[in-house]
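Subject: Handover of a structure

Dear colleague,

Please find the structure below.

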Amino acid sequence: MDITSILYPAAAISGLGLVFGAGLGFAAQKFAVEVDEKVEMILEKLPGANCGGCGYAGCEAFANAVAEGQIEPSCCFVNDAESTKAIGSILGKEVKVLERQRAMVACRGTDENAKEKNLYYGITDCRDAALIPGGGSKSCSYGCLGLGSCVEVCVFGAMSIKDGVAVVDPEKCTACGTCVRTCPKHIIHLIPAKSTYHVNCMSEDKGKDAKSNCKVACIGCGICVRNCEAKAITMKNKVACIDNNICVDCGVCEEKCPTKAITQIKSVG
Amino acid sequence: MDLLLLFLGAMLVNNFVLTRFLGICPFLGVSKKVETAVGMGMAVTFVMALASVITHLVHKLLLVPAKLEYLYTIAFILVIASLVQLVEMVIQKSSPSLYAALGVFLPLITTNCAVLGVAIINMQEEYTLMESLVHGVGGALGFTIAIVLFAGIRERLDTNINIPEALKGLPIALITAGFMATAFLGFQGLIS
């Protein structure tokens, strides 16, 4: 066997490889994406979930913005205090760590509590369903549609639909705010993670209508406001609203609420 | 005129995805959103156009004179892999969001058999350099048309709730692809 019959093909292919390799090497220099060393270090300290809670396209975009000083490291709500401080030390400056928050769905209009006005066979996406006339199956027009758009968008798996209403798993929730932005009914809020009492209703209907639509509606009676010793509860648009920064966790509101719209919630952190 | 016929033929009559059934992987993988489908189509168009020209040159100027025609597969793959690397660099530089959206399917253009297919068909049909280029661009545009149309249909399927549970997702997508292929059969009589 002639050795050249192997050598020639080998030489030809390696030659081709070399030419293309050189071409690529040249291109790599020309199209090099300049990566700041700091950016990579910051990126390592970020959660890497690309949730978009900070308003940037992903963790990498956020890291870029932090390195350029456009935004504070603490604006990543998902990150724990330790990592945020670590980013501060990379940047060589002191950063404040914000209080941990969590998402909360202000509706408990479950299949059992809320009245259905029709059988719903429509679009299975809250954002679209909220736009069409009728908007979902529940009589209450303020409540959770229960179609689960928030579940779909939550990258941390903290949302779920239970009995027709979205609920948040406070342990998994990182307060990225994606569900808050997604919910077309605007019933998901961010509250301090350590809060214990919450008004689970957003209905601005008159007390009678609200009550007939849903057993656990806030009817705007104001009993909680009058009984709260810490003056943490105010009425906003016919709905009670607890200021969790003032609340002393006494539990009188839960006790006095005639419709059980105020409940104790699991606090974390 | 011949070139125009070749172009239309590659794009519609012998559509790479729907008639030759090449490049099915990205066709199903990156067709969930029209936006990314367009991005994928552009990337494949770029790679296919350049690949047709370069593989033609490699074949005519290197493999044939050296009597190494049997090495065409490995040589063509080498060309395509390098081109995909180049495209990856360009996209990463020019559009990080598209780069993120295409994800793993971008490097997978390397194994997109439509690209290798166009190179091999060019060789087997003994097209000239110009014909190869036209055939490559036409085929790639055909791929883009198919994937963008398909993505449009899939976007609508996603919001349709009348689909039986067993057919949701990929099954209905595959059935749709079958119908599209049948529809594209209608182009068979276009060029006689």
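In helix α1 of chain A, the residues Pro9(A), Ala12(A), Ile13(A), Leu16(A), Phe20(A), Leu24(A) and Ala27(A) are buried. Buried means under 20% relative accessible area, exposed over 50%, and partly exposed in between, with a 1.4 Å probe and protein chains only.

This is a predicted model, in which local features need pLDDT of at least 70 and side-chain atom pairs count only at pLDDT 80 or more, while totals for chains, interfaces and linings use all residues. Residues are numbered from 1 along each chain as its sequence is written, chains are lettered from A and ligands numbered from 1 in the order in which they are written, and side-chain values use heavy atoms, with hydrogens and water left out.

An α-helix has 3.6 residues a turn, so residues three or four places apart point the same way. Helix α1(A) covers residues 4–30, and its 27 residues reach 38 Å from the first C-alpha to the last, close to the 39 Å expected at 1.5 Å a residue. That expected span is 1.5 Å times one less than the number of residues. Helices are DSSP runs of H or I with at least four residues, numbered from the N terminus. The cover over the buried residues of α1(A) includes α3 (34–63) and α4 (72–94) of chain B.

Helix α8 of chain A (residues 207–213) contains Gly207(A). Gly207(A) counts as partly exposed because its relative accessibility is 23%. The C-alpha of Gly207(A) is 9.8 Å from that of Val239(A), which lies 32 residues away along the chain.

Next come the cysteines. A disulfide is a covalent bond between the sulfur atoms of two cysteines; here it is taken as a pair of cysteine sulfur atoms within 2.5 Å. How many disulfides does this rule give over all chains? The count is 0. Cys144(A) is in no disulfide, and the nearest cysteine sulfur, in Cys107(A), is 5.6 Å away. Cys144(A) counts as buried because its relative accessibility is 8%. For Cys179(A), the closest cysteine sulfur is that of Cys173(A), at 6.1 Å, which is too far for a bond. Cys179(A) is buried as well, since its relative accessible area is 9%.

Yours sincerely,
A colleague

Conventions. Helices (H or I, at least four residues) and strands (E, at least two) are DSSP runs, numbered from the N terminus. Contact means heavy atoms within 4.5 Å.
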